[in-house]
Amino acid sequence: MNKILTCYLKDVDTFNGRLKWLWQQKATLRTKKEGVLETLRTYFKQQLALQQARTKKRLRTISTNRSQGPELGMQ
């Protein structure tokens, strides 16, 4: 891999230094990534539940207004 990188990068030592840090921190970064993804999953599940609840309430309100007749319905 170093031979490939030396052909394209002027500052290979700096780049390899960053890669070395990345490989050392791989487990920590993976754990953080999994935590962030879990937070996002939870957030989107909550938003979906809220949206479904609002939709049900809106449909219930519309059906209630229609069943009350034209004098009490939507105007």
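Biologist: Of the 75 residues of the protein chain, what percentage count as buried?

Modeller: In this predicted model, 5% of the 75 residues count as buried. The accessible surface of the chain comes to about 7,300 Å², and 59% of that surface belongs to carbon and sulfur atoms.

Biologist: How many helices and strands does the chain have?

Modeller: Three helices and zero strands. Reading from the N terminus, you get α-α-α. Helix α3 covers residues 26-67.

Biologist: How should I read a salt bridge, and which side chains make one here?

Modeller: The general idea first: side chains of opposite charge can pair when their charged atoms come close. In this chain, the side chains of E38 and R41 meet in a salt bridge, at 3.0 Å from N to O. The count comes to one salt bridge.

Biologist: Where do E38 and R41 sit relative to one another in helix α3?

Modeller: They are three residues apart in helix α3, so about one helical turn separates them.

Biologist: And what is the relative accessible area of E38, and of R41?

Modeller: E38 has 42%, so it is partly exposed. R41 is partly exposed too, with 43%.

Biologist: Which residues make the nonpolar surface patch?

Modeller: For a patch, look for nonpolar side chains within 5 Å of each other, on residues with over 30% relative accessible area. Here V36, L37, L40, Y43 and F44 make one of about 470 Å². Take L37: this residue lies in helix α3, and its relative accessible area is 37%, so L37 is partly exposed.

How values were computed:
Residues are numbered from 1 along each chain as its sequence is written. This is a predicted model: local features need pLDDT of at least 70, side-chain atom pairs count only at pLDDT 80 or more; totals for chains, interfaces and linings use all residues. Side-chain values use heavy atoms; hydrogens and water are left out. Patches are made of residues with over 30% relative accessible area and no salt bridge: like charges are joined within 9 Å, nonpolar side chains (Val, Leu, Ile, Met, Phe, Trp, Tyr) within 5 Å. Accessible areas come from the Shrake-Rupley method with a 1.4 Å probe; for residues, only the protein chains shown count as cover. A salt bridge is a side-chain nitrogen of Lys or Arg within 4 Å of a carboxyl oxygen of Asp or Glu. Helices (H or I, at least four residues) and strands (E, at least two) are DSSP runs, numbered from the N terminus. Buried means under 20% relative accessible area, exposed over 50%, partly exposed in between (1.4 Å probe, protein chains only).
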